[in-house]
Structure formats: structure tokens, C-alpha cells
Amino acid sequence: MNWSAKYTALKTIIIKEYLRFIRIWMQTVLPPAITTALYFVIFGNLIGSQIGDIDGYKYMDYIVPGLILMAVITNAYGNVVSSFYSAKFQKSVEELLVSPIPNYLILSGYVMGGIARGIIVGIVVTVVAMFFTDIEIHSYSLSLLVFFLTASLFSIAGFINAVYANSFDDISIIPTFVLTPLTYLGGIFYSIEMLPEFWQSISLVNPILYMINAFRYGFIGITDTDLNVAISIIVFFNILLFSYAMHLLNKGIGIRQ
Amino acid sequence: MYALEIRDLKKTYKNGTQALKGVDLHVEQGDFFALLGPNGAGKSTTIGIISGLVNKSAGEIRVFGYDFDREQTQAKSCIGLVPQEFNFNQFERVEEILVNQGGYYGIPRPLAYERAETYLKQLALWEKRHVMARELSGGMKRRLMIARALIHQPRLLILDEPTAGVDIEIRRSMWQFLEKINQQGTTIILTTHYLEEAESLCRNIAIIDHGCTIEHTSMKRLLNQLNNETFILYLQQPLTDETILRSGELAKFEIQLSDENTLEVSIDKDSHINQLFNLLTDQQIHVLSMRNKTNRLEQLFMCLVDKNRNNAELLETLQQTTEVDTLL
């Protein structure tokens, strides 16, 4: 395959993935918008007014970046895990396996599909947020960098989950029992400085904490963690999981007999 | 250079099942090749390995000279696969499935759309191009998989039971289509349980059983191995006296009266069927029509598979005896 053919192959997977989630936008794009709007109304407006400011920001403004990133994490992960597992379940993954498309392009295509859903959902949630707040974004470049790296990381994680999954139950275990708790405990709704010292130390083991804080810094200019450490952690996990996913694909684990 | 060359292909699954114990095959360019074998013989595993869906345990595969281990991209580009089971996204539209498959082979979308139109029209699916795959009938789904396998215009088309569960009319139209693309230069490997399909379409044949190649020859040479054939003769008038068949020259033939209007005759390779007809006419027995009792290839296939099984059983018994002797 020459570079032009590889580009066509990658583009095909991305278009296919994009059309897949856009076709069912009522299940993929709309729910995060509604959920986030409810968070803003309940936590931001009703409860938030009782809490007061955090680090000089209104509670509503404080939770906006975390809520956007939570939607991105959930949707990037969910897109790839459900799409790739469905392809395995229906055996349509064989269409890719018999073709000469290299494994790194298969993985990249699915990851970019996940990022695409992350972007669309991120934009929708940000638009919803704008009805409740009027934040001036602190750093567009940093916000976008963290946004892409996080969407990429959780798309790869979704891919790995799909490779190992043997039933539809297996694709909901990680999001329910790992992803959601880590996201909620990652400082979306609070600053870890509000926690006792012991729980602060525990929180620092949670990688999602760094992503949310880095994104919050890009959005409103405040963070609980060191920015360089946060970016390094996100990049490190991206490289680690991408390498692992490639290893799984090359070995054919979960997809080849 | 062969279209496909397989040497000592072995596959042992994780559960310990040894699906292939050393398959050797070679398929000439432009051939229409039958790969036959009973259920569980290893045909689908062999095809799975050739197409990259199954990892082999040992052996060597070359596709149009490309080594499958070292030049997998080139080798895969030469192959089009029509698998046994439906393996497309049931929620995608027919045309979309073809265009996407073209994309995976690096075919730009405008060209993929052109080719999709060509093959969908040739396989009578053009009217269904906007329909979701799950809404197609079984026969249509099979044809869709053929169209999909052809979208990148492969030099080698592998069909794993493409006509399974398809009615005879569609089956015949599929045969015609496959013959046409074979005449245009595409090498075809076909596995099927309809042996008349293999006999009428294929020029060369390999039979696999218990993970080994037990026969690899031309269809003509294989059919020549048949020592006798059984025919069913339908009589013009009922025959009540069976003793006529046991007397005189007719006794030389193995004839059975199935019912008063039907005879079953087994004729040796060296005997002449004309002689039988003359003898029957002398006895005022007139034949209205006749047919082969079983497909010739089917008869041979059963003989070869049975022989292989008997040999395997004999070998097993010998091994057991040797083990007992050693213990004693």
C-alpha cells in the first residue's frame, strides 16, 4: 500500500465511524447535552448558589470544564468500545482483517472516530454551558491540547476494552465500575484542597484528576496540580495504551483465532 | 508462479485441537479450483489462514509469489474472500458496505462507487443499493459478499460455500457469474458441499480430511479413477418377472429391480452401456430414460474419505499395538 492508499483507508474508517454515531445522534449526541444541562441546573444553579466561590470563581464556572471533559471522556470511550465490539460481534471486523490496511491505521481510524465524537459532544456541551455561564477561555491552545489528548487516550482505552470483551456486558463493566467513579473523584465538582490530607494523597493517584485540572487551567486559569506533570501523564498514558493496543492487534488477541 | 502455494500448513488451536496437520496445495493461475472435504476437515481453517483471519502454527504460504509472512500487504491485496458466514455490518447500506471495503484496499471513493455500481448490477443487487444489509434475503446477502470480495478486483477469489442455502435458480446464476469472471482471468478457489457444483465448475481439485491433503489432482483424472457407475433406468412397461435379469448375458450385469418400473444397474468402467441396452431390448424391456444414481464426484469423494478414515483407524490400531508391545 502506498501513502495515498493508506490515507484513503484511514479516511474510510474515520468516515464510517463518523457516520455511525451521527446516524444515531439521538443516542450519541443528545443525551450528554441533556445530562450536562441537568448538572448545570441542579449542581450549578440550585446547589451551587449555596456553596459559594472556589478559588475566586463562581461554583457554576468552576464545574464547567470538568463537566465538558467528563462528557468527552465518556463519549470517546463509549464510541470506540461499542463500535469495535459490534464489529467483532457481527464479524464485520473481518472486513478490515482481510484487507491490506496496516494495524496502526485500524487503531488510528477507530481512535479518530472516538475523538470526532468527543469533539462533537464537547462542542454541544460547551454551547449548553454558555447558556449558564459566560466564561472567557484562559488558553485556547492548552484547552484544545488537553481536550484532544484526553479524547485520544480514552478512545484507545475503549479499543482495548473492546478487544478483550466477549459479551455486551463486558463493554459496560469498565465504564460503570472504573471510569465513572474515577471521573467523579477526579475533581469535577470540587477542589482536592477541600479534602483531608489523606484523601488528597489518594486523589493524586487518579490520572483523571490531572486531565480535569489541566483542562480547567486552560479554561479558567486555575488548577490543583502541576501543569507539566499533568500533560506528561496524559502523553505517557497515550503512548502506553497505544503501544499496548498495537501489541494486541499484532498478536491478533481477541480478533484472530 | 502459482496463484497460491501452501506448504506443510499446520494449525493447532488454543484448546489443543489440531485442525491442520500439514496441508500442501498449489493452485495454478487462472484455475477454477475445488477444495473439498467433510465437515471439520480443515477447509475453513485453511481459508482463514490464507486470508489472514486465523494465525497459522507452521507452514508457508505464497500468493502470486508473495510470501504471506514477509509480504502480507501485497499478498492480501491479491485475495478476495467470500466467507461461509455473513460478516458484514447488518446496519450498513449495501452500497456503503462495498465502498467502505474498497476504501480499506486504498480505492478512492469515486472509483469505489463506480465499481460498486458495476458489481451490484452484475449481481442483480443494484435496486437494493440503499437498503440496509439486514433487510436482504439470504441469497442477496451471499451475492453481496461476492460483490464485496470483488470490489478491489482481486486476482484470487476464494469462496467458502458461497451457494449454501441458496435456491437453485440463484445458484445457477451465481455459477454463470463465477465462470465469467474466471474466464476473464480471476483464479477461483471454491469450497462447497454441492459436489455437482464442483464437478461442473472446477478443473482441479484437492480433498482435505483430518487436516491433511488426501487428494490433489485434476477433476478429469480424479473422475477417471471411478471404477463403476450406478444408473437408474426407467422402464416403458412394468417388469414383473425378475428372473429375466438373472438369465443369459444379462446375468453378467449387476441389476436390481427397485420397483416394477425402475432398474438399478451398476456398470464397470470397462463395460459398454450399449451392450446392456441391446440385451434389455432383446428381452422386450424398453428403457424410457436414465440417470446417474449419485453424482460421480460424490461417489469418489465418499470412497476417498472412507479410505482415509480406514487408514487413520488402522494406523491408530497399529500405534496402540506397538505401545502395548513396548509395555510388555
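**Entry 1: the cores.** I began with the largest nonpolar core of this predicted model, and found that, of its 142 residues, F159(A), M211(A), A147(B) and I158(B) touch the most other members. I noted that a nonpolar core is a set of buried Ala, Val, Leu, Ile, Met, Phe, Trp, Tyr and Cys residues joined through C-beta atoms within 7 Å. A residue is buried if 20 or more other C-beta atoms lie within 10 Å of its own, exposed if 12 or fewer, and partly exposed in between, with C-beta atoms placed from the backbone. The largest share of this core, 17 residues, comes from helix α4 (residues 59-89) of chain A; helices (H or I, at least four residues) and strands (E, at least two) are DSSP runs, numbered from the N terminus. I also found a second, separate core of seven residues, with L263(B), V265(B), L276(B) and L280(B) among them.

**Entry 2: I158(B).** Leaving out residues up to four places away in sequence, I listed I47(B), I50(B), S51(B), I79(B), L81(B), V82(B) and I189(B) as touching I158(B), where contact means that two C-beta atoms, placed from the backbone, lie within 7 Å.

**Entry 3: helix α5 of chain B.** Helix α5(B), residues 138-150, has 13 residues and reaches 19 Å from its first C-alpha to its last, close to the 18 Å expected at 1.5 Å a residue; the expected span is 1.5 Å times one less than the number of residues. I looked up its buried residues, which include R142(B), R143(B), A147(B) and L150(B), and saw that their cover includes β6 (79-82), α3 (94-104), α4 (109-122) and β7 (156-160) of chain B.

**Entry 4: chain A.** I counted eleven helices and zero strands in chain A. With 257 residues, a compact globule would have a radius of gyration near 18 Å, and chain A agrees with its 19 Å; the radius is taken over C-alpha atoms, and the globule rule is 2.2 Å times the number of residues to the power 0.38. Along its principal axes the C-alpha trace of chain A spans about 60 × 35 × 35 Å, and 47% of the residues of chain A count as buried.

**Entry 5: where the chains meet.** The contact takes 21 residues from chain A and 25 residues from chain B. On the side of chain A that touches chain B, α1(A) gives the most, with six residues.

**Entry 6: conventions.** Residues are numbered from 1 along each chain as its sequence is written, while chains are lettered from A and ligands numbered from 1 in the order in which they are written. In this predicted model local features need pLDDT of at least 70 and side-chain atom pairs count only at pLDDT 80 or more, whereas totals for chains, interfaces and linings use all residues.
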